Number of protein chains: 2
Amino acid sequence: MKILIVGLGLIGGAYAKKLTELGYEVYGSNHRIEPINFAKANNYIKDGSIDPREYLPIVDMVILGLYPSHIISFLKEYNAYFRKDLLITDVTGVKSSYIVEATKESLPATYLAHHPMAGREKKGIEYASEVVFKKANFIITPIAGYEYDQKYFDMLYKIAKDLEFKNISKLDTKSHDFMIGYTSQLAHAIAVSLVNSDTKPNTKLYIGDSYRDLTRIAMINEVMWTELFFENKEFLIENIDLFMNQLNKIKESLLNNDPDTLKELFINSTKIRKEMVE
Amino acid sequence: MKILIVGLGLIGGAYAKKLTELGYEVYGSNHRIEPINFAKANNYIKDGSIDPREYLPIVDMVILGLYPSHIISFLKEYNAYFRKDLLITDVTGVKSSYIVEATKESLPATYLAHHPMAGREKKGIEYASEVVFKKANFIITPIAGYEYDQKYFDMLYKIAKDLEFKNISKLDTKSHDFMIGYTSQLAHAIAVSLVNSDTKPNTKLYIGDSYRDLTRIAMINEVMWTELFFENKEFLIENIDLFMNQLNKIKESLLNNDPDTLKELFINSTKIRKEMVE
């Protein structure tokens, strides 16, 4: 299978490297030349160009490793070069905002987005080799009501299998965005807020593994995540409120001198978390 | 040096194991016999007994691996058996609540509490070998105004060095409790609340490493942590409020369509977190 990866950043680069290793014929495109040169020098791609039109006529699949805002402009700019038997997918963390545009009838190709739940707190193809797909979750996200040939779903599924993702599941775009508002964006909002609550000097002398683990993702690509937060604003706010409500229960149990309620909250979280990692 | 460890749980057991390996002469006491038998069978201690009076006359140091509420009763019950040249310390995560009692003049021994910032989401001496002290933080916490001979501080410092703790620092009990309200208890309150905010089935199919890391400590010993939260109630509530205030800033930036403020929050957290792990 021939694949074109557009956007050779951290995740696009990781796809290029691993798919090439698996024997896929991989081409790369990027608006800057440096990542293309890096990808070529490290044998992540067979060839690459700033102009994706060089490969659009020959590939079976296009994987977009782009920010949400750039997906729409890519689809508009190259619409004339898409074929009916082409599958276009993307790796973006939020789906609802652009997916209507991507799947409307004027797009000749089939569009099936997905979300590989793996990353690093770094940006750029230089760190692509640090991304671990093995055992990560993979979500295929068709928009509700969108019709597509099952063979394209199977193509995407096969790639996820080959890359050794653990759970490969399907979720409509809206359900995906609510879930991701919870499992990913809320988690990042919490980590950032925890670090920003630091009021004392020398805090690093007094932290343990808990704090270290909870704040790892507070080192954050501010451009990409600002875009992701705003793209998913409503669901994220809903999840922030759900979370604050739970944290308030802990606070209330302390204010009300109610250790039994606090214990129940701990027992509940222990139970849920255990089932999650099983 | 001869050391008696009272309370052979996860942390007490880890001290016993590692100090014995380092060549210290270690004795153990516990209100149940099973952990003593386990410690003897695994050569964590030279000998052990349910009655600590067997070893109090011969040891140089007592390390209490007890819940806060049991420290006070231990000190009262065995007061008559403490000597002037005995150092008593404890590993408890909250200090202010019992330390006045522990350091008052009626106590013949020297009392210098400390806090090893290492643990596991498990309880019991069976998991003691999983506790990693190496590179963890170690805080010695004298109560403000309490006078003690420097040699006892040095004894405790030496043990921390031998156990390969990374940063060994000194912090008065109140400052310690505020800091721990932030770095440890708030972190646990957040992890528990994040897990308890889960509203959907099958969430585990849609989580990534971020969520996994942020919720590891949501598996929590509900008896010990309820006690720790209540012992440090005021400082914990203060830190919950500081954190909620920061999370509200993220929410407000979304509601106000203000990406610049959101970006600033991300840039700030990235900077603070980087300095912490350097």
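**A strand, a helix and an interface**

Let me begin in chain A, where E8(A), helix H5 (residues 150–162) and E9(A) form a right-handed β-α-β unit; helices (H or I, at least four residues) and strands (E, at least two) are DSSP runs numbered from the N terminus, and right-handed means that, with the strands pointing away from the viewer, the path from the first strand over the helix to the second runs clockwise. This is a predicted model, in which local features need pLDDT of at least 70 and side-chain atom pairs count only at pLDDT 80 or more, while totals for chains, interfaces and linings use all residues. Residues are numbered from 1 along each chain as its sequence is written, chains are lettered from A and ligands numbered from 1 in the order in which they are written, and side-chain values use heavy atoms, leaving out hydrogens and water.

Staying with strand E8 (residues 138–141) of chain A, Phe138(A) and Ile140(A) on one side and Ile139(A) and Thr141(A) on the other are all buried, that is, under 20% relative accessible area with a 1.4 Å probe, protein chains only.

Turning to the interface, 84 residues of chain A are in contact with 84 residues of chain B, contact meaning heavy atoms within 4.5 Å.

The rule finds 4 salt bridges across this interface of chain A and chain B, each a side-chain nitrogen of Lys or Arg within 4 Å of a carboxyl oxygen of Asp or Glu. In a salt bridge, the side chain of Arg216(B) meets that of Asp213(A), at 2.8 Å from N to O. On the side of chain A that touches chain B, H9(A) gives the most, with 16 residues.

Key. Buried < 20%, exposed > 50% of the residue type's maximum accessible area, 1.4 Å probe, protein only.
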